[in-house]
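Colleague: I would like to learn how to read a few features of a protein model, one after another. Could we begin with the surface and then work inwards?

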Amino acid sequence: LGPVLMLDRERCIVCARCTRFGDELAGDHALEFQDRGYKTEVCTPDGGPAESKFIGNTIMLCPVGALTSQVYRFRARPWDNKPTPSTCTLCPVGCSMILDSRDGEVMRTRSREDKAVNDIWMCDKGWFGYEYVSNEERLQTPLIRRNGQLEPCSWDEAIALIASKIADAKPKGKLGALGGNPLTTEENLFFQQL
């Protein structure tokens, strides 16, 4: 039904939890029922991919596993995963989430109930935006610019360089940095205190 949403029609019990979520909570009408009686099936309004920023929640709501994540599907069994409570860092809301990992690799993310922040819901950035963590193109070691070139270094060397540059700049009143959306509210507060 979309780039991240897979439907196994034979499992669907036509409970309407997915369609009601889209209509009543997300307000996007991403899924609807087609036909009546024994021919009733879940589909998208126009027959194209489901258009929603909250499709991960419909997967979570499905009581029989008819709606599943194409990203996570068949990667691991839920009981093989190690759940770790965390905070989503992909926008400034900082939704509470669970990282499910297996053998040190993030397999999927799930929303975690936090009435003060995100209740039980999470946007699709949080549900499906974790794959960058294990991307092979991601930097694996810090880099320091030497003679105009970026060269790999140890973490101790990189942190020592940063600390010395901050110490040199602070007395001159010339310390500046950019925070903003990628940081949680707490991280922004600590950033200001620095």
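Modeller: Let us start with a nonpolar surface patch of about 230 Å², which is made by L90, Y132 and V133. This is a predicted model, in which local features need pLDDT of at least 70 and side-chain atom pairs count only at pLDDT 80 or more, while totals for chains, interfaces and linings use all residues. Residues are numbered from 1 along each chain as its sequence is written, and side-chain values use heavy atoms, with hydrogens and water left out.

Colleague: What are patches made of?

Modeller: They are made of residues with over 30% relative accessible area and no salt bridge, where like charges are joined within 9 Å and nonpolar side chains (Val, Leu, Ile, Met, Phe, Trp, Tyr) within 5 Å. A salt bridge is a side-chain nitrogen of Lys or Arg within 4 Å of a carboxyl oxygen of Asp or Glu, and accessible areas come from the Shrake-Rupley method with a 1.4 Å probe, with only the protein chains shown counting as cover for residues.

Colleague: Where does V133 lie, and why does V133 count as partly exposed?

Modeller: V133 lies in the loop between α3 (124–128) and β8 (143–146), helices (H or I, at least four residues) and strands (E, at least two) being DSSP runs numbered from the N terminus. Buried means under 20% relative accessible area, exposed means over 50%, and partly exposed is in between (1.4 Å probe, protein chains only); V133 counts as partly exposed because its relative accessibility is 37%.

Colleague: Is T109 buried or exposed, and which backbone oxygen does its side chain reach at 2.9 Å?

Modeller: T109, in strand β7 (residues 105–111), counts as buried at 2% relative accessibility. A polar contact is a pair of N or O atoms within 3.5 Å; within protein, one must be able to donate a hydrogen and the other to accept it, and residues adjacent in sequence count only if both atoms are side-chain atoms. The side chain of T109 reaches the backbone oxygen of W127 at 2.9 Å, and a polar atom of that side chain lies 2.6 Å from the backbone oxygen of G126.

Colleague: How many disulfides does the count come to?

Modeller: A disulfide is a covalent bond between the sulfur atoms of two cysteines. With the cut-off that the cysteine sulfur atoms be within 2.5 Å, the count comes to zero. The sulfur of C123 is too far for a bond, because the closest cysteine sulfur, in C91, is 5.3 Å away.
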